[in-house]
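Welcome! Please take a moment to look over the sequence and the 3D view before reading on.

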Amino acid sequence: MRILVTNDDGIREPGLIALAGELTRAGHEVHVLGPARERSGSSAGFATVVDHARIPIEPVVLDGLPGITARAIDAPPALAVKAACAGAFDWTPELVVSGINPGFNTGRMVLHSGTVGAALTAVSHDVPGLAVSTARADADGFATAAVLAAWLVELAEAESLPPIALNLNVPALPLAELDGISAASFSDTSVSDVGFVLEGDAFVVHRWQNQPPFTPGTDAAHLHAGWATLSAVSPPWASAGPVDALADALCKRWIDTVRS
């Protein structure tokens, strides 16, 4: 499968490298087009739609990813996805995978996530999108999330996944230490949150982690219990798709692997 990998933290971040590497090892044709600098919180924004604006693109060699075509773009990930899906290159993606974000994307805060925004932009071009996040910048979290993402891509390919946006969140744990994998609804209280305090002539941004209890059955509650979660982010024109079936199949694959 031809896959575009992007993120909102910057093209050289270890989460993107772990994800692109795992998908390449799984036999996919991987192209990397990511922001040259951090674009967290950019949602599905383009940063500019000025006619004839020039957006620099730079070839990048990423450590550990020999043979992968990587380009840095001075724009948010949604614009990178829009450009690729609209035919700016001599290839177009069959799937967009965004991440791995160091920090869960859960609840209503997914509205603002650049990681999720990239997946939604793919869906606007009738291309499936997958956003992948883990609890924090952690080697175990990146490794586990990359493996689950690659398995999910394999399952989605076998099922001819319709153009939907999936949101995968994975605790920062070794694969064998997860407590399970489940489909989940979005919590009204996100795990990660942000607020603003007016100080003089400026807002000061404050980020924090919300604490339980979380609404049972939601992404935040499952993640707090040590489960990975899969949710669908459904724009009005798209179906939620077979999320429950994909989560069940992903969990079975995980159980079979851990027990073997």
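## About the model

This is a predicted model, in which local features need pLDDT of at least 70 and side-chain atom pairs count only at pLDDT 80 or more, while totals for chains, interfaces and linings use all residues. Residues are numbered from 1 along each chain as its sequence is written, and side-chain values use heavy atoms, with hydrogens and water left out.

Helices (H or I, at least four residues) and strands (E, at least two) are DSSP runs, numbered from the N terminus.

## The sheet

Let's begin with the strands. Nine of them make an open sheet with mixed pairing, in the order β3-β4-β2-β1-β5-β6-β7-β11-β8. Two strands pair if DSSP finds at least two bridges between them. At the edges stand β3 (57-59) and β8 (180-183), each with a single partner strand, so one side of each has no neighbour in the sheet. From one strand to the next, the twist averages 20°.

Here are two pairings to find. Strands β2 (residues 29-35) and β4 (residues 69-73) run parallel and are joined by five bridges; H31 has T69 in β4 as its bridge partner. Strands β6 and β7 are also parallel, paired over six bridges, and V132 stands opposite L168 in β7.

## A covered strand

Strand β7 is mostly covered, with six of its six residues buried (buried means under 20% relative accessible area, exposed over 50%, partly exposed in between, with a 1.4 Å probe and protein chains only). On one side are A165, N167 and N169, on the other L166, L168 and V170, and all are buried.

Contact here means heavy atoms within 4.5 Å. Helix α4 (residues 139-158) packs on the sheet, where its contacts include β1, β7 and β8.

How do α1 and α4 pack? Their angle is about 40° and their axes are 9 Å apart; axes are lines fitted to C-alpha atoms, for helices over the stretch in contact, and angles run from 0 to 180 degrees between N-to-C directions. The two helices are therefore oblique to each other (under 35 degrees counts as roughly parallel, over 145 as roughly antiparallel, 65 to 115 as roughly perpendicular and the rest as oblique). P14, G15, A18, L19, E22 and L23 in α1 meet F142, A146, V147, A149, A150 and V153 in α4.

## Helices α2 and α3

Helix α3 (residues 114-123) is mostly covered: nine of its 10 residues are buried, among them G114, V116 and A119. These buried residues pack against several elements, including α2 (77-85), β5 (95-102) and β6 (129-134).

The axes of α2 and α3 come within 8 Å and cross at roughly 20°. That makes α2 roughly parallel to α3. Here P77, A78, V81, K82 and C85 in α2 meet G114, G117, A118, T121 and A122 in α3.

## A residue in a loop

Finally, find A238 in the loop between β11 and α6 (243-259). Is A238 buried or exposed? A238 is buried, with a relative accessible area of 16%. Not counting residues up to four places away in sequence, A238 touches V123 and P163. A238 and H222 are 16 residues apart in sequence, and their C-alpha atoms are 25 Å apart in space.
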